[in-house]
Amino acid sequence: MKTRILGFVALTAVAAMTVIGLFVVPADLNQGDAQRIMYPHVASAWLAYLSFGVTAASGILWLWKRDLRFDAVALAGAEIGVMFTAFAIWGGMMWGRPIWGVFWQWEDPRLTTTALLLALYVGYLLLRHLTDDPERRATRAAIVGVVAAVDIPIVHFSVEWWRGLHQTATIGSPDRVLNPAAPMVFVGTLLGMLGAFTLAWGYLMIRRYQLARADVQREEAARLDRLMSARTAQPAR
Amino acid sequence: MTDAGYVITAYAVIIGGLGLYTLLLWRRLRASRGRDDEAR
């Protein structure tokens, strides 16, 4: 029931922030309407970081505690993170074309490291299909999830460390947290979209976790059934 | 395409994708619960 309420609140918040982002907030003086893409683009990128961070932390917890619930959380984070990374890339491409003149440039460190992040976690999801043994699968996935998370700070700080097309962080860089490089009406809308997307993320994480747990429990039951059948099939001595 | 076209395309894919994923996840979860009920 609480999850349903969260889902309803998230749906309302995302719908409201979409209307605000598209129609209520004024267009940027320099970039015009194209700047409106910033709200879902940055929110998606933030949730990609959060999702993969959760996957890495859950992977560490699985390796430490050997509790398969952590693996279910890790899987939820990876799948949802892949979706938000794809959204961030798509939003960035749609914003880049009218502002930079190109959809994509491989020489840009932010774009390339983000594409790498997407590839790493798609690989993580594919890796999970290589074995039916839940514990072996969880261990392999945890190692890949932790190693792949190294790319998260590289993606985030790439705009500070190297030159490229992508602008530096609007509010996420250490010297700009209290002094954002954008008018407060834009920052407020961005924070509103971040909040709305984070609510949606919370709802999706809970639902994906529930699905992952149900799948593992069904796998375990099937494995026990197979063991029991094999035992009863053996001739009595 | 105009700036507005890029904005609409970006929002349509992101918000639409979020909605579609939610719907598919909800259906997967319902199917999973249905299989559990059948097994019982």
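Biologist: Why are α3(A) and α1(B) called roughly antiparallel to each other?

Modeller: In this predicted model, α3(A) and helix α1 (residues 3-39) of chain B pack at an angle of about 175 degrees. Angles over 145 degrees count as roughly antiparallel, and the pair is therefore described in that way. The axes of the two helices are 8 Å apart.

Biologist: Which residues of α3(A) and α1(B) meet?

Modeller: On the side of α3(A) they are A:M83, A:F87, A:W90, A:G91, A:M94, A:W95, A:R97 and A:P98. Their counterparts in α1(B) are B:D3, B:Y6, B:T9, B:A10, B:V13, B:I14, B:G17 and B:Y21. By class, the residues of this contact divide into eleven nonpolar, three polar and two charged.

Biologist: What does the whole contact take from each chain?

Modeller: Chain A gives 27 residues and chain B gives 21 residues. In chain A, α1 (2-24), α2 (38-65), α3 (68-100) and α7 (184-233) each supply at least two residues of the side that touches chain B. The most comes from α7(A), with nine residues. That side of chain A has 15 nonpolar, five polar and seven charged residues.

Biologist: How do you know that the length of α1(B) is close to the expected one?

Modeller: The helix has 37 residues, and the expected span is 1.5 Å times one less than that number. The expectation is 54 Å, and α1(B) reaches 54 Å from its first C-alpha to its last. Chain B has one helix and zero strands, and its C-alpha trace spans about 55 × 10 × 5 Å along its principal axes.

Biologist: Which residues of α1(B) are buried, and what covers them?

Modeller: The buried residues of α1(B) are B:D3, B:Y6, B:V7, B:A10, B:I14, B:I15 and B:L18. Each is called buried because 20 or more other C-beta atoms lie within 10 Å of its own. The cover includes α1, α2, α3 and α7 of chain A. Of the 40 residues of chain B, 18% count as buried.

Biologist: What makes A:R66 exposed?

Modeller: A:R66 has 12 other C-beta atoms within 10 Å. A residue counts as exposed at 12 or fewer, and A:R66 is therefore exposed.

Conventions: Residues are numbered from 1 along each chain as its sequence is written. Chains are lettered from A and ligands numbered from 1 in the order in which they are written. This is a predicted model: local features need pLDDT of at least 70, side-chain atom pairs count only at pLDDT 80 or more; totals for chains, interfaces and linings use all residues. Two residues are in contact if their C-beta atoms, placed from the backbone, lie within 7 Å. Helices (H or I, at least four residues) and strands (E, at least two) are DSSP runs, numbered from the N terminus. Ala, Val, Leu, Ile, Met, Phe, Trp, Tyr, Cys and Pro count as nonpolar, Asp, Glu, Lys and Arg as charged, and the others, Gly among them, as polar. Axes are lines fitted to C-alpha atoms, for helices over the stretch in contact, and angles run from 0 to 180 degrees between N-to-C directions. Angles under 35 degrees count as roughly parallel, over 145 as roughly antiparallel, 65 to 115 as roughly perpendicular and the rest as oblique.
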